[in-house]
Each structure stands twice: as structure tokens, then as C-alpha cells.
Amino acid sequence: MQVIKDPKQLRNEIKKLKQQGATIGFVPTMGNLHQGHLTLVEEAQQRASISIVSIFVNPMQFNNANDLANYPKTLSEDCNKLEQAGVDIVFTPTADVIYPNGLDEQTFVEIPGLSDCLEGASRPGHFRGVSTIVTKLFNLVQPDITCFGEKDFQQLSIIKKMVIDLAMPIEIIPIAIVREPSGLAMSSRNNKLTANEKLIAPKLAEVMNDLGIKVQSNSENSQQLIKDACQALDKSGFKTDEIYVVDPLTLAPLDTASKQAVILMAAFLGDTRLIDNVVVDLHL
């Protein structure tokens, strides 16, 4: 496995591989890898002859300096996991390489509409940072396919639209959420939970699934159902941040044309913000 930090070296390696007829499967990450990430890697390996993983904690997508400073960095352990998984190249650039002129002077990519609603409304600039770094990584890696987890549902929707709008010759492969045996969605953030919080955490998925069942048959009453779900979470020890019930294609409120609904959940357990989602068919 090659570990490459320099974009020029990466470009040279990609050029050689392309000349040899290789296809490239890419998984962009911020490190602190778990089985969910490795599932993305496995899918990329099945669909392409060369697998590349990037590890880069992107400062442009953080609204809070403390969150950026405290984001777990486990590069050595991550590289060991990726080598065991048979990854061909790991790209590990630093921020001064990716943003040599600083964030204020960096050209950015912004997807209107999808980036401004839901989580984008409460975290201004977050998705601008995501779409900018993903575009830059796509330009460097030149992948044929890229795997993204469905846990970050809005992010995935934004990347799909960006690839279409910018005519990028990349196939986006959505990968289903990987869960703990308890039902909790796997996340790097789960490592921050205390032993007691880990016992409570699966309640997020439980409340979400219950809400999904109720929305299926009573979508017109979704606002009241959301309030009930918030109360259930808060009683369990969470502090609810956001719950949305929207159309999965548009991320807009449900209307008579909606055939499905996506339940988007975000709640704090102690200092840790957990997210989850589920898509349900609506009974028309």
C-alpha cells in the first residue's frame, strides 16, 4: 500500500495507472475509520481494479473551531486498517497543501438549494466546505466510481447533484448505513460516548423507526409526529437537535407527489451529536 501526501506525486501515480487501463474506486474520509468506512472500501474494490482512500480532516466544513481541534486523528491506526483491507493508495494531505492560500482565498463550490436547507440552514457554509473538498479530491484522484455512505443523507444528495451539474464522469455509489448489533448507526463519534450513553444511544434508531412507521400511514400529520418523537428522545436522555420528515428526492416538505419520505434525525447525547436516517414508502 502506498501512502502519498503530495498531490503531484498522486497525480503522477494516477496517470500511470490510467495509462495501464486501471479503473479507480475512491473513498473520501476524514479518518478515525470504523467498519462503516471499510464497507465502502470493500464496495469500491469490487467495482474497480485500484482502490484509493483519502484521509483529510477538512477545515472548510467546520463551523466550530473547537470541533475541528477535537476531531479524532488516528492516522497510524487508520493506515493499518486500510493496509489489512488491501487498499492500494492512501492519500493523506495536510491543510496547507490542500488550501495553500488559506480558506479565505480558496475558490469554492456551492450547490444552491440543497446546501441551504435542513442541516445546511443550521450550519452555514458546512456543505460549501464539503462540496469544495470533494470536488478537489475528485480532480486529484480522477475516480471512475466513488462510494459514499447513506448516513449523511443530505451530503450524499448534494454530491449526486454536484456530479450531474458539473458533468463529472464519476459514478456515485450509495452504501447503506452499517449498524451496531444494537441498531445504532456506526460513526466515529460513537467512540466519544460513555458506557452509560452507549446503552441509551440505540434509542435514536428506535424512535426514528417508530416515527417512520407512523409517517407511512399518516404523513399529513408529520409535524405532530415529529413533536412526539422529540419528546420520546428527550425523555430517554437525549437533547433533540433536529428531526425532519422530507421528500428524499428534493429534501423539500412532503407533498401529494411524494412517494417516499426520509426521516432525518440529529440529537445530542451528552456532548456527542448523533445522526441517523431512514427512507420509508408512503401509503398513497
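Two strands are taken to pair if DSSP finds at least two bridges between them. In this predicted model, strand β2 (residues 24–29) meets that rule with strand β3 (residues 50–55), the two running in the parallel sense over six bridges. Within this pairing, Val27 has Val53 of β3 as its bridge partner. Strand β2 also pairs with strand β5 (residues 145–149), again in the parallel sense, over two bridges, and here Gly25 stands opposite Ile145.

Strand β2 is mostly covered, with six of its six residues buried. In a regular strand, side chains alternate between the two faces of the sheet. Here, Ile24, Phe26 and Pro28 point one way, while Gly25, Val27 and Thr29 point the other.

Because Phe26 belongs to β2 and Phe138 to helix α7 (residues 126–141), the contact ties together parts that are 112 residues apart in sequence. Both Phe26 and Phe138 are buried. Another edge-to-face pair is formed by Phe62 and Tyr71, at 5.9 Å centre to centre and 80° between the planes. Burial is set at under 20% relative accessible area; Phe62, at 18% relative accessibility, therefore counts as buried, and so does Tyr71 at 17%.

A ring also takes part in a contact with a charged residue: Arg128 lies over the face of Phe108, at 3.7 Å from the ring centre.

How values were computed. Residues are numbered from 1 along each chain as its sequence is written. This is a predicted model: local features need pLDDT of at least 70, side-chain atom pairs count only at pLDDT 80 or more; totals for chains, interfaces and linings use all residues. Side-chain values use heavy atoms; hydrogens and water are left out. Buried means under 20% relative accessible area, exposed over 50%, partly exposed in between (1.4 Å probe, protein chains only). Helices (H or I, at least four residues) and strands (E, at least two) are DSSP runs, numbered from the N terminus. Rings of Phe, Tyr and Trp (its six-membered ring) pair if their centres lie within 6.5 Å; planes under 30 degrees apart count as stacked, over 60 as edge-to-face and the rest as tilted. A charge sits over a ring if NZ of Lys or CZ of Arg is within 6 Å of the ring centre and within 35 degrees of the ring normal.
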